[in-house]
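I opened my notebook to look at a protein and its DNA, one step at a time. Here is what I looked up, in the order I went.

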Protein chains: 2
Amino acid sequence: MALDRRKMIVEAATKSFSLFGYKATTMDQVAKLANVGKGTIYTFFKNKEELFEEIISSLVKEMIAEAEFVIQPDLPFTENVHRALYRLLEFRSQHQLMIKLVQEEKEMGTLAVAEKLQHVENEIIEYLKGKIDAAITKGAIPAADSEITCFLLLKMYIALVSDWERNHEPLSSEQIAEVMKVFLLKGLV
Amino acid sequence: MALDRRKMIVEAATKSFSLFGYKATTMDQVAKLANVGKGTIYTFFKNKEELFEEIISSLVKEMIAEAEFVIQPDLPFTENVHRALYRLLEFRSQHQLMIKLVQEEKEMGTLAVAEKLQHVENEIIEYLKGKIDAAITKGAIPAADSEITCFLLLKMYIALVSDWERNHEPLSSEQIAEVMKVFLLKGLV
DNA sequence: TAGTTGACCAAAAAACTAAATCAGTCAAAG
DNA sequence: CTTTGACTGATTTAGTTTTTTGGTCAACTA
């Protein structure tokens, strides 16, 4: 039971962050949940924020693995862009920790949380940029500023998946694919 | 001097909302600025929020007049879309009242302010929808769900004009036009 | 002695309370 | 009739006390 203490700490913290958010999670609580003395946590992590950072890193890896899993090399490039982005935002709206963090940022404006969510967004853009740059190199799509393009693509999907829901019925994956196809394939005009 | 009391009240309130925001503006202050007894305000407006609503209505009219002013019927449709949207967001980032309200929403989360900014956004989308529907009817662009399209167009411009600046050097009007041309004219692929 | 612990501390946050402020009213004045 | 500002109850703020929390470290195991 008391074998991998580090792993137990990370699991306990993940559970508590997911349930109560970052600020409302105390180190005493994490220690108790992990069946560990509080001091032990500080032998593995410099402080609460570093523990949080490690969990966010795993989260990013998990998200990118999910996106990677959904890509099929034989499908058209735009189809894969849609699949990857849609999966990433689906993850964001289904994964308990992500839901809680987004909520905490909006409602309490916790600084550490805002920073980490920004970090997640940057990592996603970096991941997309790799894909786009590869497609440009391969000649599959014309050259363009890939950072601005990825940034804009992500914002478009966030708009269609999350922002739209504030005032309308949610759009299905197919509807979103349909709208995006216009912009990705032919342009509006 | 004491002729159009209603106008003086609206002007005083506009000045105060622009300078201090909605919450930090008191009705006593507006009355004093307008050289009017506080009771007089309540003969024209049911309450503070209704006074605010009238000012927001004027703001929307002003914004749409600015967008309208910048449109030139002989230019290509996409060029006019860019001009109108860019002008609307330029207005948002230059007009004192808009700056203050956006700041107040972000920093204090004042409910009435959030509602009114949402209203402004809805009005802009409604205005754009009129333009897009007209272009579809004229056969200038292919048919599509114009509400989703307008919503997405606005979000794209907000992303390029405002969101991008959080982590990067601002993009010039020309750079934004360039990026949008890709999506509007030919599509990414 | 290397790894673990929880009592302990300063600092931050929450809870509480008294004082001040504010939106809206209305009797009196013009 | 219109205009006014003193007035009121509800809300906010400011100041203070109490509680909680992140992080440390001397003592304690195994």
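**Entry 1: the fold of chain A.** Reading along the sequence, I wrote the pattern down as α-α-α-α-α-α-α-α-α. I kept in mind that this is a predicted model.

**Entry 2: size and surface.** I looked up the box that the C-alpha atoms of chain A fill, and along the principal axes it is roughly 65 × 40 × 25 Å. Chain A has 189 residues, and 44% of them are buried. The chain exposes about 9800 Å², with carbon and sulfur atoms supplying 54% of that area. I also checked contacts in chain A between residues at least 6 apart in sequence: 61% of these join residues at least 24 apart.

**Entry 3: salt bridges.** I found 26 salt bridges over all chains. I picked out E53(A) and K116(A), whose side chains meet at 3.6 Å, N to O. E53(A) sits in helix α4 and K116(A) in helix α7, 63 residues apart, so I noted a link between distant parts of the chain.

My next pair was E79(A) and R83(A), with their closest N and O atoms 3.2 Å apart. Both belong to helix α5 and are four residues apart, which means about one helical turn separates them. E79(A) is partly exposed at 31%, and R83(A) is partly exposed at 28%. I then went back to E53(A) and K116(A): salt bridges that share partners join them with E49(A) and E115(A) into one network.

**Entry 4: the DNA.** Which residues come nearest to DNA strand C? Of the 14 around it, they are R5(A), T40(A), M27(B), K38(B) and K48(B).

For Y42(B), a side-chain N or O atom is 3.2 Å from a phosphate oxygen. The elements giving two or more residues to this surface are α3 of chain A and α3 of chain B; α3(A) gives the most, with three. Sorting the residues of the surface, I got three nonpolar, six polar and five charged.

Methods: Residues numbered from 1 in each chain as written. Chains lettered and ligands numbered in written order. Predicted model: local features only at pLDDT ≥ 70, side-chain atom pairs only at ≥ 80, totals over all residues. Heavy atoms only, no water. Near = heavy atom within 4 Å. Polar contact = N/O pair within 3.5 Å; in protein donor to acceptor, adjacent residues only side chain to side chain. Nonpolar A, V, L, I, M, F, W, Y, C, P; charged D, E, K, R; others polar. Buried < 20%, exposed > 50% of the residue type's maximum accessible area, 1.4 Å probe, protein only. Contact = heavy atoms within 4.5 Å. Areas by Shrake-Rupley, 256 points an atom, 1.4 Å probe, with all protein chains shown as cover. Salt bridge = Lys/Arg side-chain N within 4 Å of Asp/Glu carboxyl O.
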